[in-house]
Amino acid sequence: MTTPTPISFLAYAHEDLPVTSRKIVVFVTEDGKMDQGCRKVNTLTRKTVARVADSAAFEKAKAGDVTSIAMPVGLAAEALLVVKLPRRPTSTEARKAGANLAKLLGKDGMLVIAGSTYRVEEIAQGIAMRNYSYDAHKTAEPKETGDVSFMVNDPDAAAAVYAPIAAIVEGVFFTRDLTNAPANDLTTTSFADQLAAMADIGLQVEVLEEADLEKLGMGSLLCVGQGSDSPSKVVVMQWNGGGDEAPFALVGKGVVFDTGGISLKPGAGMEDMTMDMGGAGVVSGVMKTLALRKAKANVVGLVGIVENMPSGNAVRPGDVVTSMKGDTIEVINTDAEGRLVLADVLWYTQERFAPVGMINLATLTGAMLVALGHENAGVFSNSDDLSGAFIKAAGEEGEGAWRMPMSPAYDALIKSRIADMKNVGGRMAGSITAAQFLKRFVKDDVPWCHLDIAGTASVKSETALAPAGATGWGVMALNRLIADKYEG
């Protein structure tokens with residue numbers, strides 16, 4: 001796994017400031033106010049910081065922006081980085097400052113003169129989250145970056161606050177690595193193996209093989225992978241950090257590569273379909289985070305892992321398959337395969353665990369991109385309480401989420417002449433009909449959300465906390481939801 005930037009917290013000692021070749025970071029408020037450490041640096045550099053704070057460029061800068069001064073007079077440091085930051089920044093502003101610093105990190109790292117700076121741990125989070133690069137398949141040496149030390153008034157307290165944040169970063173990086181991986185690397189087997197290895201951090205992990213899935217009657221899931229040489233699997237991850245209460249459940253779509261099957265996708269852009277396991281990647285990252293931070297909650301994470309390929313054995317348009325629930329499905333389009341996978345895993349999750357609530361994630365529909373672009377995931381739900389709690393958590397973590405409508409009226413679009421339902425309802429309301437399909441596999445008494453992350457799982461340009469590629473969207477929001485709603 002890609003290793004996050006090492007972050008440490010040191011006792012504040014301004015007399016040590018000049019004794020470093022690393023970049024030095026100081027914070028200045030909008031009105032030019034400096035703390036003791038910043039004033040010390042300002043004195044050592046013959047009022048360089050004050051000149052920056054008085055400049056027109058600093059006045060125009062936004063919270064979190066960084067001014068870099070190379071080879072500053074009076075310091076042995078390679079550069080002095082002056083960050084404009086309010087006295088009490090928001091989480092977004094603090095993380096933005098960290099993300100901007102990450103872009104300037106360099107091989108020697110940074111010494112951040114933080115003192116009593118507010119939300120210093122989230123500044124550290126921004127650095128760690130943004131300093132990511134997927135280099136697993138590059139033969140050149142990866143760009144080297146150093147560690148980051150924060151000089152603060154109370155290093156023990158800061159380290160204690162940062163510890164669970166570090167677990168979140170590990171979970172996000174795990175999700176990004178999985179989602180960025182090419183399909184010849186992340187096969188169904190290697191994906192399951194990586195999840196099984198998380199038993200080492202305290203998760204209970206079980207891998208259900210095709211023979212197990214056949215016994216369970218998962219005809220909907222199994223039909224998706226029957227055209228591939230790679231075996232379909234369901235991986236069950238359990239974190240039992242709470243009491244005797246029923247668990248909360250996360251379910252993820254894990255299509256390691258999606259050609260569309262017999263309903264073959266266009267060639268242009270098909271290489272991006274390595275990210276079609278993004279929902280399973282998020283579930284995996286959340287489970288890793290919960291285990292690393294020893295969450296006081298019972299949570300199960302289940303992922304259906306398949307590969308959708310065309311072959312002489314592939315499921316065909318017009319075939320009828322039987323789900324684990326017992327409902328029959330007419331497969332109209334084999335490229336609407338994610339809902340076929342989720343249908344069986346959702347039902348199995350409820351039958352085995354009787355969860356107190358359930359959220360599934362999937363890069364499910366292109367229609368979601370048309371509706372919401374890359375800024376928000378679509379939220380479909382049978383529960384105002386659960387959907388509201390999730391959207392609140394996502395907002396607090398800066399991860400866009402927007403609730404979409406559901407209604408029995410849309411069910412008419414997936415009515416089949418020869419089976420209980422069909423797997424697509426045409427071009428109209430494509431994301432909604434997909435959600436209506438999934439809802440048929442959710443019991444009436446189970447609070448449930450379907451998150452369509454087609455637009456947020458992987459993007460072509462950088463986001464606030466991630467470079468181009470996999471974002472890890474959802475790990476922070478789901479972790480916060482569990483912490484706020486399900487931890488005792």
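Modeller: Glu78 counts as partly exposed because its relative accessibility is 35%; buried means under 20% relative accessible area, exposed means over 50%, and partly exposed lies in between, with a 1.4 Å probe and protein chains only. The areas come from the Shrake-Rupley method with that 1.4 Å probe, and for residues only the protein chains shown count as cover. The model is predicted, so local features need pLDDT of at least 70 and side-chain atom pairs count only at pLDDT 80 or more, while totals for chains, interfaces and linings use all residues. Residues are numbered from 1 along each chain as its sequence is written, and side-chain values use heavy atoms, with hydrogens and water left out.

Glu78 sits in the loop between strand S3 (66-70) and strand S4 (79-84); helices (H or I, at least four residues) and strands (E, at least two) are DSSP runs, numbered from the N terminus. Together with Asp108, Glu141 and Glu144, Glu78 forms a negative surface patch. Patches are made of residues with over 30% relative accessible area and no salt bridge, with like charges joined within 9 Å and nonpolar side chains (Val, Leu, Ile, Met, Phe, Trp, Tyr) within 5 Å. Asp and Glu count as negative and Lys and Arg as positive, while His and the chain ends are not counted. The place of a charge is taken as NZ of Lys, CZ of Arg, CG of Asp or CD of Glu.

Next come the charges that have partners. Side chains of opposite charge can pair when their charged atoms come close. A salt bridge is a side-chain nitrogen of Lys or Arg within 4 Å of a carboxyl oxygen of Asp or Glu, and the whole structure has 26 of them.

Arg22 is buried, at 15% relative accessibility, whereas Asp147 is partly exposed, at 34%.

Glu337 and Lys253 also meet in a salt bridge, at 3.2 Å from N to O. Glu337 lies in the loop between strand S12 (328-330) and helix H11 (338-353), and Lys253 lies in strand S9 (residues 248-258), so the pair ties together parts 84 residues apart in sequence. Glu337 is buried, with a relative accessible area of 1%, and Lys253 is buried at 1% relative accessibility.

Salt bridges that share partners also build one network out of Arg95, Arg119, Glu122, Lys392, Glu396, Glu397 and Arg480. Arg119 counts as partly exposed at 25% relative accessibility, while Glu122 is buried, with a relative accessible area of 11%.

A last charged residue is of interest for its backbone. Most residues other than glycine have a negative phi, and most peptide bonds are trans. Lys47 has a positive phi, near 65°. Lys47 lies in the loop between helix H1 (36-44) and helix H2 (48-53), and is exposed, at 55% relative accessibility.
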